[in-house]
Amino acid sequence: MEKEYRDYMIRAVAADAQIRAFAVSARDLTEKARQAHNTSPIATAALGRAMSGALMMADMLKGPRDLLTLQIDGDGPLQGLVVTADNHGHVKGYVKNPSVILPPNAQGHLNVGGGIGRGTLTVIRDMNLKDPYIGQIPLVTGEIAEDLTAYYAQSEQIPSSVGLGVLMNRENTVRRAGGFVVQLMPFADEDVIRQLEENIRGISSVTAILEEESTPEHLLGTVLKGFDLQVTSVEDVCFQCNCSRERFERGLLLLGKDELESMIADGKDVELTCQFCNSVYTFSPEDIRTVLGNLSVS
């Protein structure tokens with residue numbers, strides 16, 4: 001019988017703090033996203049990998065209101081995806097074309113790289129300053145983990161290794177999902193670097209490790225085998241969208257008086273759908289009249 005499962009993330013250090021590391025188990029949140037967007041297996045894998053990566057990257061943010069967004073734009077049939085996470089363990093996201101079906105890649109795995117194709121990875125850190133920090137690189141493989149590894153090397157000059165994985169059941173529900181980020185500190189010595197590189201080369205896949213035991217501790221314990229791993233924080237994670245009817249009302253206000261009056265005159269309900277969670281908000285002509293009244297007051 002499988003152990004009781006939950007989605008959560010850990011932060012850790014190893015080798016006398018010469019290594020910092022993060023790992024996350026994300027099966028349930030990936031399944032929730034799959035259900036919300038009715039994604040195909042390849043789209044689920046892409047979204048699950050990106051959400052796991054974004055959660056760990058957002059855990060590095062400092063401010064309680066800071067947000068991290070990953071935007072992947074590609075010329076493949078998936079077209080790309082958008083994922084946003086905060087440093088409280090909340091993540092949301094969507095794939096631009098969620099119904100794509102492709103044959104497996106040469107290794108027999110879901111062909112996420114082929115689905116995304118060539119394009120760009122953009123990382124946006126909104127730290128409540130005048131302007132967000134934006135970093136962008138060309139995609140390396142489109143498989144997401146390798147692209148995030150390249151991002152850290154090129155944009156932040158932090159030697160990192162990122163591993164991400166999503167394993168699907170035969171009925172296309174999510175069986176395993178999660179990942180790790182391991183980073184070398186500037187003062188890491190050569191022995192630590194060599195041992196870590198050897199460990200990374202010996203990893204078969206994230207999902208294979210999660211199949212053995214689906215905990216972040218087991219995942220990092222495998223990646224950092226031989227090091228003195230010390231977990232410094234544990235946090236639950238979940239798929240959560242902060243959309244609301246009030247947010248969409250504010251969005252309607254931006255349309256302006258003429259557009260709102262035209263919608264009222266049309267006499268039909270207006271349905272607005274959140275891209276991140278597919279929640280639908282319906283506004284009747286009377287609702288829009290109320291919105292228009294708020295515009296007049298403001």
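Which helices and strands each supply at least two residues of the lining of the largest pocket? They are helix 2, helix 4 (145–155), strand 8 (160–168) and helix 6 (206–212), where helices (H or I, at least four residues) and strands (E, at least two) are DSSP runs numbered from the N terminus. The structure is a predicted model, in which local features need pLDDT of at least 70 and side-chain atom pairs count only at pLDDT 80 or more, while totals for chains, interfaces and linings use all residues. Residues are numbered from 1 along each chain as its sequence is written, and side-chain values use heavy atoms, with hydrogens and water left out.

**The largest pocket**

The largest pocket has a volume of about 710 Å³, and of the 24 residues that line this pocket, the closest to its centre are Arg49, His109, Leu164, Ser205 and Val206. Strand 8 gives the most to the lining, with eight residues. On a 1 Å grid over the protein atoms alone, a pocket is an open set of points where a 1.4 Å probe fits, with protein on both sides within 12 Å along at least five of seven lines, and lining residues have an atom within 4 Å of a point.

**The sheet and the hairpin**

Six strands form an open sheet of mixed pairing, in the order 7-6-3-4-5-11; two strands pair if DSSP finds at least two bridges between them. Strand 7 and strand 11 (238–239) stand at the edges with a single partner strand each, so one side of each is left without a neighbour in the sheet. Strand 3 (residues 67–74) and strand 6 run antiparallel and are joined by eight bridges, and Leu68 stands opposite Arg125 in strand 6. Helix 2 (residues 41–58) lies across strands 3, 4, 5, 6 and 11, running at about 30° to strand 4.

Elsewhere in the chain, strand 12 (residues 270–273) and strand 13 (residues 280–283) run antiparallel with four bridges between them, and Thr273 has Val280 as its bridge partner. These strands form a hairpin with six residues between them, and Asn278 in the turn has a positive phi of about 65°.

**Helix 1 and His37**

His37 is placed in helix 1 (residues 27–37), and His37 counts as buried because its relative accessibility is 9%; buried means under 20% relative accessible area, exposed over 50%, and partly exposed in between (1.4 Å probe, protein chains only). The buried residues of helix 1, among them Leu29, Ala33 and His37, pack against strand 2 (19–25), helix 2, strand 5, strand 8, strand 9 (174–184) and strand 11. Leaving aside neighbours within four places in sequence, His37 is in contact (heavy atoms within 4.5 Å) with residues including Leu47, Tyr94, Phe239 and Asn278. After helix 1 comes Asn38, whose phi is positive, near 50°.

**Asn128 and the polar contacts**

Asn128 is in the loop between strand 6 (119–126) and strand 7 (133–138), and Asn128 counts as partly exposed because its relative accessibility is 40%. Leaving aside neighbours within four places in sequence, Asn128 is in contact with Arg65 and Asp66. The table lists polar contacts, each a pair of N or O atoms within 3.5 Å; within protein, one must be able to donate a hydrogen and the other to accept it, and residues adjacent in sequence count only if both atoms are side-chain atoms.

| Side chain | Backbone oxygen | Distance |
|---|---|---|
| His37 | Gly93 | 2.8 Å |
| His37 | Phe276 | 2.8 Å |
| Asn128 | Arg65 | 3.3 Å |

Terms used: Axes fitted to C-alpha atoms, helices over the stretch in contact; angles between N-to-C directions. Points joined across faces, edges and corners; volume = space filled by probe spheres on them.
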